[in-house]
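User: I have a structure open and would like to go through a few spots in it. Can you walk me through them?

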Amino acid sequence: MNKPKDLSGSQKRKLKKARCEADKKSAVFFQGYVKRLRSDNEGGESSQTTDDLDPACPPSKATVDSDGNLDAQSVNTGDMTIATDRNNLAEKVIEKDSTVSNIDWQDPAKWPNNISDSSRVALVKLGPTKIDRNTIFPFDTDRRRFTIENCYRTLKNGEKMERSWLIYSETKDSVYCFCCKLFGLRNIPTQLQSTGFRSWRHLQDSLSSHEKSKMHIECMTDWKELEVRLDCRKTIDDENQNLIQREETYWKQVLERLVEIIKHLAKRNMAFRGTVDRLYEPNNGNFLSQVELMAKFDPILSEHVRRVQSGDLQRVHYLGKETQNEFIDILGNAIFKEISRRVVAAKYYSIILDCTSDISHEEQMTAVVRFVTVSKNTVEICEHFIGFVVVDDTTGKGLYETLLDILKSNNLELNNCRGQGYDNGSNMKGKNSGVQARILKDNKRAFFVSCSCHNLNLVVSDAGHSSVTAELFFGVLQRLFAVFAASTQRWQILKEHVNISVKSLPKTRWEGKINAVKTVRFQVAEIRDALQELCRMSQGKDAKLRSELRGLCFEIESLSFLIRLVVWYDVLQVINKISKALQCPKVDLHTAMNMIDGALLQLQTFRESGFETCIATAKKMAEKLDISQTLPESRTPRTRRFFDYESQHDERPSDPMKRLEIEFFNKLCDIAISSLRERFEMTQNVCEPFSIIRNSDNFMRLDRTQILTKSKALENYLTGEDENSDIDGRELAEELESLKAYFVAAGMTDLSALVMISHIIDKGLDEIYPNFTVTLRIFLTLPVTSASGERTFSKLKLIKTYLRSTMCQDRLNGLAAMSIEHGICNELNFSDIIASFANKNLAKSHFKTSVVQKFLIRGPIFKARPGPAVG
């Protein structure tokens with residue numbers, strides 16, 4: 001037999017009686033609550049104020065006494081924190097409820113079954129999301145849907161009262177009860193509380209029945225009571241929350257000082273730990289010594305150190321090595337993320353790679369990105385370090401795969417790479433299997449530019465091996481250094497005669513040999529005097545040393561040596577100045593090629609008329625040394641001829657000065673000039689398609705047809721495998737025609753690429769000349785040298801020393817990032833650092849009281865973990 005749909009008279013009477021009792025209890029409860037609020041506002045005291053109520057756990061089953069006060073025994077109090085930021089409450093919910101961080105809190109269908117106390121408080125502050133009147137609700141299978149009229153309750157007198165507790169889920173097309181969802185009992189859930197109600201035929205009856213039920217009234221009471229208490233700041237643990245707030249502020253101040261100490265030590269490449277990890281021990285390392293020093297003058301750290309030493313902080317003090325490693329990792333990752341963000345914003349970038357071995361005999365590969373940042377008024381060329389990577393396979397394939405991993409970890413797309421900068425190693429520069437060749441197969445717009453400084457160094461190396469006379473010259477300089485550096489007594493004698501001591505010759509950096517040449521060039525007389533004094537002191541003691549000293553004196557006192565000295569100084573001076581200028585990260589390829597062309601012109605001029613000048617200078621030096629100003633005659637060896645057609649002009653000239661010019665000076669200059677042209681031919685080929693925009697005069701001298709032809713060629717040059725180009729050649733030609741008139745009217749001539757784009761951005765003309773701006777950005781992105789990578793190796797040797805050879809790679813990268821990119825490190829937000837640090841940890845017990853047992857930092861949470869024996 002089917003159950004009747006309508007209730008019987010007895011059932012209706014029982015239901016009415018239950019509703020009346022619930023209404024009486026609610027009325028009594030609200031009267032008592034309003035009475036207590038009034039007494040609190042008037043300064044009166046009640047038996048139990050709302051300060052004793054926990055906002056996270058309102059009395060779901062509280063009883064009311066005869067005075068209208070709540071029974072304190074039925075109140076469930078929990079330990080939690082109250083989010084105070086009303087502007088970011090949704091974010092607070094996500095931070096608090098770390099287990100459901102990906103939940104959409106605007107959609108009630110996605111709320112978890114068990115909502116945490118902190119999330120409940122934040123949701124009460126947010127309030128229920130009102131249903132939009134303009135929303136078009138979908139139809140169900142019965143062609144029925146939710147209507148906005150269901151959001152209102154019609155009273156007997158005809159008035160309409162809004163159902164503020166009713167919320168709608170678009171994903172499930174169902175409605176929920178806000179208060180029951182937060183405060184309802186979990187053992188007997190209703191549809192409006194758990195799965196949502198979407199039977200639109202019976203919706204009005206169900207809503208009317210639900211809003212009169214005892215459970216809904218209790219949940220509404222809990223909701224409104226908590227809402228009022230939060231607004232009045234009258235919670236049961238208000239005093240405890242103030243204590244937590246003070247303790248939270250204290251710990252944030254402590255951590256801020258510890259972070260600054262870590263940054264200070266990392267920027268200066270100093271070691272952190274010593275042989276012991278205890279405060280006020282002689283060998284406890286730089287970190288703890290800095291804490292001790294700051295504690296003498298800073299009250300926050302002084303109090304912290306006192307707590308540590310007194311034993312108040314047994315397990316959590318943040319002075320141990322684990323905390324150091326966590327902050328180093330967080331700071332390093334934050335720096336790398338900021339660099340990646342800037343590169344992605346710039347879109348186009350170039351990659352610079354280099355490799356070296358560290359103190360632990362591991363092959364370290366450094367990666368540096370070069371890009372152009374365009375802000376509102378400024379344009380800047382930037383080169384930033386993005387990490388060290390241990391490389392096991394140093395072949396072209398192994399380095400290529402490692403490079404792809406680096407780009408992927410930094411969220412950089414290979415398709416946006418427009419340049420590669422490596423040294424002249426075969427695994428990097430190889431045409432078939434080198435890194436640059438493999439990258440070009442994937443992205444033909446990643447143009448390879450060989451390091452200009454390495455090329456200049458090889459030019460000098462080629463010139464140094466041009467003749468036996470040129471090679472032997474540097475042997476004399478090295479012998480000079482070896483003689484004086486053999487003992488402290490000899491070095492002291494040298495210092496008594498010269499202002500600048502002699503230098504050792506670098507093994508690989510040929511242009512760096514100018515330091516050794518310069519010392520002898522301007523102090524040759526003083527060095528000769530020092531050698532003679534050493535020779536007198538060694539008389540009768542060391543025949544071998546005396547013989548070597550006399551041989552060096554004989555070499556220095558020859559006019560041939562002085563001529564070679566002057567020639568090498570003039571050649572190295574030209575190369576060294578250009579090499580130093582090219583190592584600046586702000587230099588672009590246009591400036592670099594102008595410098596190379598200038599060096600080539602200087603060497604050609606020196607080749608034509610420099611020898612006579614060098615002879616005149618050498619004779620003045622010989623006069624100062626009081627030696628002969630002529631070259632000694634030497635026998636000219638006869639060349640045996642086997643055929644009559646062999647030229648008589650091949651014989652060596654009899655004049656020793658002419659012979660020195662031909663065999664030393666001319667060979668040196670000719671090889672330097674030819675090597676300079678050959679080694680920069682590849683760089684010139686990369687720059688050639690950009691010639692039209694490298695300088696303003698380059699396109700101002702051309703007519704319309706020539707500009708269009710070169711613009712089309714540049715468009716093809718910047719076209720990738722997908723047939724998409726970075727620019728439109730025809731539009732670029734039109735922009736250049738317009739710029740010609742603009743620059744002429746403004747009286748601007750001979751502008752470099754950097755100056756032109758800076759002017760365009762400063763005047764806000766980038767929208768008018770987009771193709772021209774993009775082309776300039778790509779051109780300025782192309783690398784000039786790999787000097788930035790070499791500079792990171794200098795930091796690597798300072799950080800990973802003999803005493804720190806077992807340092808892990810993550811710590812090395814973090815310390816290197818803070819040291820190399822100290823500018824970005826200074827810009828990091830301390831709050832973000834603390835949040836990242838806290839997100840890695842769970843709650844830690846920071847103090848012990850009878851009221852509060854746990855200290856929870858608002859948002860992020862810390863993890864309990866035993867630290868080292870500090871204090």
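**A loop residue and its patch**

Analyst: Leu-803 lies in the loop between α30 (787-799) and α31 (809-820). Helices (H or I, at least four residues) and strands (E, at least two) are DSSP runs, numbered from the N terminus. This is a predicted model, where local features need pLDDT of at least 70 and side-chain atom pairs count only at pLDDT 80 or more, while totals for chains, interfaces and linings use all residues. Residues are numbered from 1 along each chain as its sequence is written, and side-chain values use heavy atoms, with hydrogens and water left out.

User: Is Leu-803 buried or exposed?

Analyst: Leu-803 counts as exposed because its relative accessibility is 78%. Buried means under 20% relative accessible area, exposed over 50%, and partly exposed in between (1.4 Å probe, protein chains only).

User: Which residues form the nonpolar patch on the surface?

Analyst: Ile-359, Tyr-802 and Leu-803 form that patch, with about 410 Å² of accessible area together. Patches are made of residues with over 30% relative accessible area and no salt bridge; like charges are joined within 9 Å, and nonpolar side chains (Val, Leu, Ile, Met, Phe, Trp, Tyr) within 5 Å. A salt bridge is a side-chain nitrogen of Lys or Arg within 4 Å of a carboxyl oxygen of Asp or Glu. Accessible areas come from the Shrake-Rupley method with a 1.4 Å probe, and for residues only the protein chains shown count as cover.

User: Next topic. Where does Val-368 lie?

Analyst: Val-368 lies in strand β6 (residues 363-374). Val-368 counts as buried because its relative accessibility is 1%.

User: What is Val-368 in contact with?

Analyst: Leaving aside neighbours within four places in sequence, Val-368 is in contact with residues including Ile-352, Phe-385, Ser-788 and Thr-792. Contact means heavy atoms within 4.5 Å. Val-368 and Ser-788 are 420 residues apart along the chain, and their C-alpha atoms are separated by 7.1 Å.

User: And Arg-163, buried or exposed?

Analyst: Arg-163 counts as buried because its relative accessibility is 4%. Arg-163 lies in the loop between β2 (160-162) and β3 (166-169). Not counting residues up to four places away in sequence, Arg-163 touches several residues, among them Cys-151, Tyr-152 and Glu-211.

User: How many helices and strands are in the protein chain?

Analyst: The protein chain has 33 helices and 9 strands. Of its 871 residues, 48% are buried.
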